[in-house]
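Dear colleague,

I am handing over the structure that we spoke about, and below it you will find my notes on what turned up. Please read them with the model open beside you.

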Amino acid sequence: MELDERKKKILHAIIRNYLETGEPVGSRTISKYTDLNLSSATIRNEMADLEEMGLIVQPHTSSGRIPSDKGYRLYVDTMLEDKTKEIDEMKELLLDKEKKTDDLLKQVAKLLAVNTNYTTVISAPSTHRNKLKFIQLSRVDEHQILAVIVAEGNVIRNSVFSVDEYLDDETLLKLNMLLNTNLSGMSMEEINLGVITALKQKAGIHSDLIAGVLDEVAMAIKADEDLEIYTSGANNIFKYPELADHQNASQLITTLEEKHQLNDIVEQTLEESSETGIQVYIGEEAPVPMKDCSVVTATYELGEGMRGTIGIIGPKRMDYEKVVGTLKTIKHQLEELYKE
């Protein structure tokens, strides 16, 4: 069934308002609820058309309207179609950007190693202190519900839940409204025990489903995936006598090969990131064993909580001015390229 944009907005406003209040919705309420800037008389005419189409009904004379089953069906189908399209587009964009970003970071690591004659480390952007964007619950079959959870940084998590009873369209809509109204824009720290308890109480007999969805929300927000780290110029350390002896060289090569130690550098840099995004670790200040080295790092940000680290490892006598200037330039260029 095709509706023009005005009717579609009015129908959606009636349904959302009715789901929130449980009361019939009048034209004056809709005039305040939408951004259409229409008079109550115009809205009444549109509501009359929607009623004629069987999408809304008037339960009592002189009362407002409520959605019909047909109206619910159109709303659900439209909502799911829009969300599915949004998620598909998001995934395609993410895959494309992820590949381009990985290729770019590998090139940057090589370029920095050649230009500085030091060893370079770059972590792929990851999400930190994520917030929830939205949740979409939809029915797979009579006893399974699909939850699609999207967090900042466009982290997408899909989970299927088994349910004992069939959840009709209105119930799913109410659960979607409950979750998104209460959780959208919140970080994991903000989704505390009080928030969870209140949500489960409001969900009533569906509290187990809500609890399961909240567990998946936590996983999506944390996004505890292993960091992707690229290195280049490991052999450059042999150019400096103080690093080229067997013990130091072996220690550095092991650190570069065992990425979990580099993770410590990345995580500490992201936690201690200054206003300039530059950190300098000299000798034993570094979070990994590099007593005769200095590590200079920069934090780059690609928006929506996506941040990564660029690091340069060299002798304590490295050209700090040149290294810091180079990192600032690369950091700025990465951020500008991503915006494009």
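**What was found**

Of the 340 residues of the chain, 46% count as buried, where buried means under 20% relative accessible area, exposed means over 50%, and partly exposed lies in between (1.4 Å probe, protein chains only). Please keep in mind that this is a predicted model, in which local features need pLDDT of at least 70 and side-chain atom pairs count only at pLDDT 80 or more, while totals for chains, interfaces and linings use all residues. Residues are numbered from 1 along each chain as its sequence is written, and side-chain values use heavy atoms, with hydrogens and water left out.

The chain holds eleven helices and eleven strands; helices (H or I, at least four residues) and strands (E, at least two) are DSSP runs, numbered from the N terminus. The accessible surface of the chain comes to about 17800 Å², and 47% of that belongs to carbon and sulfur atoms; such areas come from the Shrake-Rupley method with a 1.4 Å probe, and for residues only the protein chains shown count as cover. Among contacts between residues at least 6 apart in sequence, 61% join residues at least 24 apart, a contact being heavy atoms within 4.5 Å.

**Strands β10 and β11**

Two strands are said to pair if DSSP finds at least two bridges between them, and β11 pairs in the antiparallel sense with strand β10 (residues 293-301) over nine bridges. Within that pairing, T297 has G311 as its bridge partner, and Y300 stands opposite G308. Strand β3 (residues 119-123) also runs antiparallel to β11, to which it is joined by four bridges, and here I122 stands opposite I310.

Strand β10 is largely enclosed by the rest of the structure, because eight of its nine residues are buried. Five bridges join β10 to strand β9 (residues 278-282), again in the antiparallel sense, and Y281 has V295 in β10 as its bridge partner.

**The nonpolar cores**

A nonpolar core is a set of buried Ala, Val, Leu, Ile, Met, Phe, Trp, Tyr and Cys residues joined through side-chain atoms within 4.5 Å. The largest one has 37 residues, of which L105, I310, I313, V323 and L327 touch the most other members. Strand β10 gives this core its largest share, namely five residues. If we leave aside its neighbours within four places in sequence, L327 is in contact with I278, V296, T297, A298, I310 and I312. There is also a second, separate core of 23 residues, which includes I149, L183, L209 and L214.

L183 also belongs to helix α5 (residues 169-183), where the buried residues include L172, L179 and L183. After α5 comes G185, whose phi is positive, near 90°.

How many aromatic pairs does a search of the whole structure find? The search finds one, under the rule that rings of Phe, Tyr and Trp (its six-membered ring) pair if their centres lie within 6.5 Å, with planes under 30 degrees apart counted as stacked, over 60 as edge-to-face and the rest as tilted. The pair is formed by Y118 and Y240 and is tilted, at 5.7 Å centre to centre and 35° between the planes. It links distant parts of the chain, since Y118 lies in the loop between α4 (69-116) and β3, whereas Y240 lies in the loop between β8 (229-232) and α8 (241-244), 122 residues apart. Y118 is buried, with a relative accessible area of 9%, and Y240 is buried too, with 12%.

The loop between α4 and β3 also holds N117, a residue other than glycine whose phi is positive, near 65°. For comparison, most residues other than glycine have a negative phi. N117 is partly exposed, because its relative accessible area is 33%.

With best wishes
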